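Keep the sequence and the 3D view side by side.

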Amino acid sequence: GVSHQRKEGSAMSGSDDEVLIVGETRAGGDPASGDDRAAKRPRNGADLEGAPSANKQPRSVPPSKTRPSIAEMKRALDAAGVTHSGMERGELEAEFERVQSSFSDPPLFRLLTTDPADLNPNTSGNAGCVSLRDIVSGPVRWCVVMNFMIDLPWLLSPDGCPELLRIPKVVWIGDERSSPTPRDPEFLRLKGARDWTVVNPPCPKFGTHHTKCFILVYDTGVRVCVHTANLIHGDIRKRTNAAWCQDFPNKSAADLGRKSEFERDLGRYLATLGWKDETCALPGTNGGARVVVGPSAMSRFDFSDAGAKLISSVPGRWVGSAMRDYGHASVRHALAGMTFPAEFKRAPVVCQFTSVGATT
(Lines give C-alpha, C1' and ligand atoms only; values in the text may rest on other atoms or scores of the structure.)
Protein backbone atom coordinates (compact mmCIF):
# COMPACT_ATOMS: atom_id res chain seq x y z
CA GLY A 1 0.00 0.00 0.00
CA VAL A 2 0.98 3.63 -0.30
CA SER A 3 0.55 6.48 2.11
CA HIS A 4 2.12 9.87 1.62
CA GLN A 5 2.44 13.24 3.31
CA ARG A 6 3.56 16.39 1.51
CA LYS A 7 6.38 18.13 3.31
CA GLU A 8 8.22 21.42 3.14
CA GLY A 9 11.71 22.36 4.26
CA SER A 10 12.89 18.80 4.83
CA ALA A 11 16.45 17.63 4.46
CA MET A 12 15.23 14.81 2.20
CA SER A 13 16.39 15.22 -1.37
CA GLY A 14 14.41 14.88 -4.57
CA SER A 15 12.16 17.20 -6.53
CA ASP A 16 8.83 15.74 -5.39
CA ASP A 17 9.34 14.92 -1.72
CA GLU A 18 6.79 12.74 0.01
CA VAL A 19 6.60 10.38 2.92
CA LEU A 20 5.76 7.12 1.22
CA ILE A 21 4.48 4.20 3.24
CA VAL A 22 5.34 0.95 1.48
CA GLY A 23 6.26 -2.64 2.15
CA GLU A 24 3.30 -4.02 4.07
CA THR A 25 4.07 -7.48 5.36
CA ARG A 26 1.42 -7.02 7.96
CA ALA A 27 -0.28 -8.98 10.70
CA GLY A 28 -3.94 -9.72 10.06
CA GLY A 29 -5.86 -9.96 6.81
CA ASP A 30 -7.55 -12.82 4.99
CA PRO A 31 -6.42 -13.82 1.50
CA ALA A 32 -9.67 -15.74 1.09
CA SER A 33 -11.53 -12.43 1.09
CA GLY A 34 -10.00 -11.60 -2.28
CA ASP A 35 -8.64 -8.32 -0.92
CA ASP A 36 -11.66 -6.75 -2.60
CA ARG A 37 -12.07 -3.50 -0.73
CA ALA A 38 -14.99 -1.14 -1.10
CA ALA A 39 -12.44 1.66 -1.05
CA LYS A 40 -11.19 0.54 -4.47
CA ARG A 41 -14.26 1.29 -6.56
CA PRO A 42 -14.57 1.51 -10.34
CA ARG A 43 -13.94 5.06 -11.44
CA ASN A 44 -14.81 7.28 -14.37
CA GLY A 45 -12.68 9.81 -16.14
CA ALA A 46 -13.75 12.66 -13.87
CA ASP A 47 -11.32 11.35 -11.27
CA LEU A 48 -8.47 12.09 -13.64
CA GLU A 49 -9.27 15.71 -14.51
CA GLY A 50 -6.13 17.79 -14.27
CA ALA A 51 -3.77 14.83 -14.04
CA PRO A 52 -0.39 15.94 -15.42
CA SER A 53 0.94 14.24 -18.52
CA ALA A 54 4.53 13.08 -18.82
CA ASN A 55 6.68 14.13 -21.73
CA LYS A 56 10.20 13.02 -20.91
CA GLN A 57 12.01 9.72 -21.15
CA PRO A 58 13.51 8.26 -17.94
CA ARG A 59 16.93 9.70 -17.23
CA SER A 60 18.63 6.56 -16.02
CA VAL A 61 16.78 3.89 -18.01
CA PRO A 62 16.77 4.44 -21.78
CA PRO A 63 13.80 3.31 -23.87
CA SER A 64 14.23 0.12 -25.84
CA LYS A 65 13.37 1.82 -29.14
CA THR A 66 14.00 5.41 -30.19
CA ARG A 67 11.44 5.47 -33.03
CA PRO A 68 8.35 3.32 -32.39
CA SER A 69 6.21 2.01 -35.21
CA ILE A 70 2.82 3.53 -36.02
CA ALA A 71 1.13 0.39 -34.67
CA GLU A 72 3.02 0.67 -31.35
CA MET A 73 2.09 4.33 -31.01
CA LYS A 74 -1.58 3.62 -31.73
CA ARG A 75 -1.63 0.85 -29.12
CA ALA A 76 -0.13 3.20 -26.53
CA LEU A 77 -2.65 5.92 -27.37
CA ASP A 78 -5.52 3.41 -27.18
CA ALA A 79 -4.34 2.31 -23.74
CA ALA A 80 -4.24 5.96 -22.64
CA GLY A 81 -7.77 6.60 -23.98
CA VAL A 82 -6.52 9.09 -26.60
CA THR A 83 -8.38 9.32 -29.92
CA HIS A 84 -5.96 9.19 -32.87
CA SER A 85 -8.21 8.69 -35.88
CA GLY A 86 -6.91 10.63 -38.90
CA MET A 87 -3.60 11.62 -37.29
CA GLU A 88 -0.51 11.79 -39.49
CA ARG A 89 2.74 10.24 -38.24
CA GLY A 90 4.05 13.56 -36.90
CA GLU A 91 0.87 14.09 -34.88
CA LEU A 92 0.99 10.50 -33.64
CA GLU A 93 4.58 10.92 -32.48
CA ALA A 94 3.78 14.16 -30.65
CA GLU A 95 0.78 12.60 -28.88
CA PHE A 96 2.72 9.39 -28.17
CA GLU A 97 5.53 11.40 -26.58
CA ARG A 98 3.00 13.30 -24.48
CA VAL A 99 1.58 10.18 -22.86
CA GLN A 100 4.89 8.39 -22.30
CA SER A 101 5.91 7.84 -18.72
CA SER A 102 8.90 9.41 -17.03
CA PHE A 103 10.05 8.21 -13.63
CA SER A 104 13.03 10.51 -13.17
CA ASP A 105 11.06 13.73 -12.82
CA PRO A 106 7.77 14.71 -11.14
CA PRO A 107 5.08 13.57 -10.90
CA LEU A 108 6.47 10.40 -9.32
CA PHE A 109 3.07 9.48 -7.87
CA ARG A 110 0.38 8.72 -10.47
CA LEU A 111 -2.85 6.86 -11.00
CA LEU A 112 -2.82 3.62 -12.95
CA THR A 113 -4.81 3.37 -16.17
CA THR A 114 -8.11 1.52 -16.19
CA ASP A 115 -10.24 0.01 -18.97
CA PRO A 116 -10.91 2.82 -21.48
CA ALA A 117 -14.39 1.39 -22.07
CA ASP A 118 -15.34 2.32 -18.50
CA LEU A 119 -14.24 5.95 -18.77
CA ASN A 120 -16.46 8.93 -19.52
CA PRO A 121 -15.67 10.00 -23.11
CA ASN A 122 -16.21 13.66 -22.15
CA THR A 123 -13.26 13.70 -19.75
CA SER A 124 -9.50 13.38 -20.04
CA GLY A 125 -9.77 9.63 -19.50
CA ASN A 126 -6.47 7.92 -18.75
CA ALA A 127 -4.35 10.96 -19.64
CA GLY A 128 -1.45 11.36 -17.21
CA CYS A 129 -1.84 7.81 -15.88
CA VAL A 130 0.56 4.90 -16.26
CA SER A 131 -0.05 1.26 -17.06
CA LEU A 132 1.80 -1.88 -15.97
CA ARG A 133 3.35 -1.93 -19.44
CA ASP A 134 4.64 1.63 -18.93
CA ILE A 135 6.24 0.55 -15.68
CA VAL A 136 7.71 -2.74 -16.93
CA SER A 137 9.39 -1.20 -19.98
CA GLY A 138 12.81 -0.93 -21.56
CA PRO A 139 15.69 -3.44 -21.57
CA VAL A 140 15.11 -4.97 -18.10
CA ARG A 141 17.89 -7.39 -17.12
CA TRP A 142 16.11 -8.87 -14.11
CA CYS A 143 13.22 -7.91 -11.91
CA VAL A 144 11.30 -8.51 -8.71
CA VAL A 145 7.49 -8.76 -8.80
CA MET A 146 6.14 -8.43 -5.27
CA ASN A 147 2.42 -8.59 -4.46
CA PHE A 148 -0.36 -9.95 -2.27
CA MET A 149 -2.45 -11.49 -5.07
CA ILE A 150 -0.93 -12.56 -8.41
CA ASP A 151 -3.11 -14.05 -11.13
CA LEU A 152 -0.22 -15.31 -13.21
CA PRO A 153 -2.12 -16.50 -16.32
CA TRP A 154 -3.89 -13.14 -16.62
CA LEU A 155 -0.77 -11.09 -15.78
CA LEU A 156 1.22 -12.73 -18.59
CA SER A 157 -1.62 -12.38 -21.12
CA PRO A 158 -1.89 -9.50 -23.64
CA ASP A 159 -4.43 -7.85 -21.32
CA GLY A 160 -1.92 -7.82 -18.45
CA CYS A 161 1.83 -7.31 -18.73
CA PRO A 162 3.31 -9.81 -21.24
CA GLU A 163 6.58 -7.83 -21.17
CA LEU A 164 7.44 -9.91 -18.11
CA LEU A 165 7.89 -12.93 -20.40
CA ARG A 166 10.83 -11.24 -22.11
CA ILE A 167 12.82 -10.50 -18.94
CA PRO A 168 15.71 -12.99 -18.53
CA LYS A 169 15.27 -13.40 -14.76
CA VAL A 170 12.15 -12.82 -12.65
CA VAL A 171 11.80 -13.18 -8.87
CA TRP A 172 8.20 -13.59 -7.71
CA ILE A 173 7.56 -12.64 -4.07
CA GLY A 174 4.11 -13.09 -2.56
CA ASP A 175 1.86 -14.64 0.02
CA GLU A 176 1.76 -18.40 -0.52
CA ARG A 177 -2.04 -18.46 -0.16
CA SER A 178 -2.73 -16.00 -2.98
CA SER A 179 0.43 -15.90 -5.14
CA PRO A 180 2.58 -18.48 -6.96
CA THR A 181 4.41 -21.14 -4.97
CA PRO A 182 7.42 -23.16 -6.17
CA ARG A 183 5.34 -26.36 -6.55
CA ASP A 184 2.20 -24.81 -8.02
CA PRO A 185 1.43 -26.79 -11.23
CA GLU A 186 0.15 -23.69 -13.03
CA PHE A 187 3.30 -21.80 -12.12
CA LEU A 188 5.50 -24.66 -13.32
CA ARG A 189 3.58 -24.84 -16.61
CA LEU A 190 3.98 -21.12 -17.30
CA LYS A 191 7.57 -21.10 -16.11
CA GLY A 192 8.76 -23.79 -18.51
CA ALA A 193 12.48 -23.26 -19.05
CA ARG A 194 12.40 -19.63 -17.87
CA ASP A 195 14.67 -18.57 -15.02
CA TRP A 196 12.06 -17.78 -12.39
CA THR A 197 12.43 -17.87 -8.62
CA VAL A 198 9.56 -17.86 -6.10
CA VAL A 199 9.86 -16.48 -2.57
CA ASN A 200 6.98 -16.85 -0.10
CA PRO A 201 7.95 -14.63 2.88
CA PRO A 202 7.50 -16.07 6.37
CA CYS A 203 4.42 -14.72 8.09
CA PRO A 204 2.94 -15.32 11.55
CA LYS A 205 -0.22 -17.36 11.87
CA PHE A 206 -2.50 -14.45 11.06
CA GLY A 207 -0.10 -12.50 8.85
CA THR A 208 -0.11 -11.75 5.13
CA HIS A 209 2.52 -10.48 2.74
CA HIS A 210 0.74 -7.39 1.39
CA THR A 211 3.50 -5.45 -0.38
CA LYS A 212 2.83 -4.41 -3.98
CA CYS A 213 6.07 -3.48 -5.69
CA PHE A 214 8.24 -3.84 -8.79
CA ILE A 215 12.04 -3.62 -8.73
CA LEU A 216 13.36 -3.50 -12.31
CA VAL A 217 17.12 -3.74 -12.85
CA TYR A 218 18.77 -2.35 -15.99
CA ASP A 219 22.38 -2.10 -17.07
CA THR A 220 22.17 1.62 -16.31
CA GLY A 221 20.27 1.60 -13.04
CA VAL A 222 17.12 0.45 -11.26
CA ARG A 223 13.44 1.41 -11.24
CA VAL A 224 11.54 1.08 -7.96
CA CYS A 225 7.75 1.14 -8.19
CA VAL A 226 5.46 0.80 -5.18
CA HIS A 227 1.78 0.61 -6.06
CA THR A 228 -1.63 -0.21 -4.60
CA ALA A 229 -2.97 -2.84 -7.03
CA ASN A 230 -3.20 -6.58 -6.73
CA LEU A 231 -2.00 -8.14 -9.98
CA ILE A 232 -5.44 -9.36 -10.95
CA HIS A 233 -7.81 -8.22 -13.71
CA GLY A 234 -10.35 -6.64 -11.37
CA ASP A 235 -7.81 -4.42 -9.62
CA ILE A 236 -5.81 -3.36 -12.67
CA ARG A 237 -8.62 -2.84 -15.17
CA LYS A 238 -11.66 -1.99 -13.07
CA ARG A 239 -10.54 -0.12 -9.94
CA THR A 240 -8.72 3.07 -9.09
CA ASN A 241 -5.11 2.40 -8.11
CA ALA A 242 -1.92 4.41 -7.94
CA ALA A 243 1.83 3.96 -8.21
CA TRP A 244 4.94 5.73 -6.98
CA CYS A 245 7.89 5.11 -9.31
CA GLN A 246 11.40 6.48 -9.55
CA ASP A 247 14.48 5.59 -11.57
CA PHE A 248 17.90 5.52 -9.91
CA PRO A 249 21.31 5.37 -11.64
CA ASN A 250 24.24 3.11 -10.84
CA LYS A 251 26.61 4.41 -8.19
CA SER A 252 29.87 5.95 -9.30
CA ALA A 253 33.06 4.16 -8.24
CA ALA A 254 33.60 6.81 -5.56
CA ASP A 255 30.15 6.20 -4.04
CA LEU A 256 30.14 2.39 -3.91
CA GLY A 257 30.81 2.33 -0.17
CA ARG A 258 28.19 4.92 0.73
CA LYS A 259 24.57 4.20 1.70
CA SER A 260 21.65 6.58 1.56
CA GLU A 261 18.69 6.44 3.93
CA PHE A 262 16.47 5.00 1.19
CA GLU A 263 18.98 2.22 0.47
CA ARG A 264 19.20 1.33 4.18
CA ASP A 265 15.40 1.23 4.52
CA LEU A 266 14.98 -0.87 1.37
CA GLY A 267 17.74 -3.27 2.37
CA ARG A 268 16.32 -3.71 5.87
CA TYR A 269 12.92 -4.65 4.45
CA LEU A 270 14.25 -7.03 1.80
CA ALA A 271 16.24 -8.81 4.50
CA THR A 272 12.99 -9.78 6.26
CA LEU A 273 11.52 -11.60 3.24
CA GLY A 274 13.68 -14.70 3.15
CA TRP A 275 14.93 -13.70 -0.32
CA LYS A 276 18.53 -14.86 -0.75
CA ASP A 277 21.21 -13.76 -3.20
CA GLU A 278 21.82 -16.02 -6.18
CA THR A 279 24.38 -15.75 -8.97
CA CYS A 280 22.97 -15.90 -12.49
CA ALA A 281 24.40 -15.89 -16.01
CA LEU A 282 22.02 -13.59 -17.85
CA PRO A 283 21.86 -13.50 -21.66
CA GLY A 284 23.92 -10.67 -23.10
CA THR A 285 25.96 -10.09 -19.95
CA ASN A 286 29.26 -8.51 -20.97
CA GLY A 287 32.03 -11.07 -21.20
CA GLY A 288 29.73 -13.82 -19.97
CA ALA A 289 30.10 -12.56 -16.40
CA ARG A 290 27.68 -13.83 -13.79
CA VAL A 291 25.64 -11.27 -11.88
CA VAL A 292 24.23 -11.25 -8.36
CA VAL A 293 20.44 -11.26 -8.19
CA GLY A 294 19.21 -10.57 -4.68
CA PRO A 295 19.00 -8.02 -1.86
CA SER A 296 22.73 -7.22 -1.90
CA ALA A 297 22.45 -6.06 -5.52
CA MET A 298 20.69 -2.91 -4.29
CA SER A 299 24.07 -1.63 -3.06
CA ARG A 300 25.00 -0.97 -6.72
CA PHE A 301 22.46 1.84 -7.09
CA ASP A 302 22.50 5.48 -6.05
CA PHE A 303 19.29 6.17 -4.13
CA SER A 304 20.50 9.51 -2.75
CA ASP A 305 18.00 11.49 -4.88
CA ALA A 306 14.99 9.47 -3.71
CA GLY A 307 11.89 11.63 -3.64
CA ALA A 308 10.28 9.62 -0.86
CA LYS A 309 10.80 8.13 2.56
CA LEU A 310 10.46 4.35 2.46
CA ILE A 311 8.65 2.81 5.43
CA SER A 312 7.94 -0.88 5.81
CA SER A 313 5.52 -2.81 7.97
CA VAL A 314 6.69 -6.22 9.17
CA PRO A 315 4.86 -8.51 11.65
CA GLY A 316 6.69 -9.04 14.91
CA ARG A 317 7.54 -7.58 18.29
CA TRP A 318 10.09 -4.78 18.28
CA VAL A 319 11.98 -3.22 21.17
CA GLY A 320 14.50 -0.43 21.55
CA SER A 321 15.63 1.32 18.38
CA ALA A 322 14.01 -1.39 16.21
CA MET A 323 10.63 0.09 17.14
CA ARG A 324 11.43 3.00 14.83
CA ASP A 325 12.13 0.74 11.86
CA TYR A 326 8.61 -0.40 11.02
CA GLY A 327 5.00 0.68 10.81
CA HIS A 328 3.37 3.71 12.39
CA ALA A 329 6.25 4.24 14.81
CA SER A 330 8.53 4.64 11.79
CA VAL A 331 6.13 7.22 10.32
CA ARG A 332 6.22 9.17 13.58
CA HIS A 333 10.02 9.02 13.71
CA ALA A 334 10.30 10.20 10.09
CA LEU A 335 7.91 13.13 10.57
CA ALA A 336 9.67 14.16 13.79
CA GLY A 337 12.87 14.64 11.82
CA MET A 338 11.29 16.99 9.28
CA THR A 339 10.90 20.76 9.41
CA PHE A 340 7.54 22.31 8.52
CA PRO A 341 6.36 25.94 8.28
CA ALA A 342 4.55 27.25 11.36
CA GLU A 343 1.09 27.03 9.75
CA PHE A 344 1.41 23.23 9.68
CA LYS A 345 1.72 22.99 13.48
CA ARG A 346 -0.81 20.44 14.78
CA ALA A 347 -1.93 19.72 11.21
CA PRO A 348 -3.26 16.23 10.52
CA VAL A 349 -1.31 13.71 8.48
CA VAL A 350 -3.35 12.75 5.41
CA CYS A 351 -2.77 9.19 4.20
CA GLN A 352 -3.97 7.16 1.22
CA PHE A 353 -3.94 3.41 1.52
CA THR A 354 -5.69 0.39 0.11
CA SER A 355 -6.74 -1.50 3.20
CA VAL A 356 -6.36 -1.64 6.95
CA GLY A 357 -5.45 -4.75 8.95
CA ALA A 358 -4.42 -5.47 12.50
CA THR A 359 -1.41 -3.51 13.70
CA THR A 360 1.99 -5.18 13.74
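Buried means under 20% relative accessible area, exposed over 50%, and partly exposed in between, with a 1.4 Å probe and protein chains only. Helices (H or I, at least four residues) and strands (E, at least two) are DSSP runs, numbered from the N terminus. This is a predicted model: local features need pLDDT of at least 70, side-chain atom pairs count only at pLDDT 80 or more, and totals for chains, interfaces and linings use all residues. Residues are numbered from 1 along each chain as its sequence is written, and side-chain values use heavy atoms, with hydrogens and water left out.

Start at helix H7, residues 261-270. Its buried residues are Phe262, Glu263, Asp265, Leu266, Tyr269 and Leu270. They lie on the same side of H7, because they cover an arc of only 165° around the axis. That arc is taken from the directions from the helix axis to the C-beta atoms.

Now turn to strand S10, residues 242-249. Here 7 of the 8 residues are buried, so the rest of the structure largely encloses S10. Two strands pair if DSSP finds at least two bridges between them. Strand S9 (residues 221-227) pairs with S10 in the antiparallel sense over 7 bridges. Valine 226 stands opposite tryptophan 244 in S10. Strand S3 (residues 109-111) also pairs antiparallel with S10, over 3 bridges. There, leucine 111 has alanine 242 as its bridge partner.

Finally, the cysteines. How many disulfides does a search of the whole structure find? It finds 0, counting a pair of cysteine sulfur atoms within 2.5 Å. Take cysteine 161: its closest cysteine sulfur, in cysteine 143, is 8.6 Å away, too far for a bond. Cysteine 161 is buried, at 1% relative accessibility. Cysteine 225 is buried too, at 0%.
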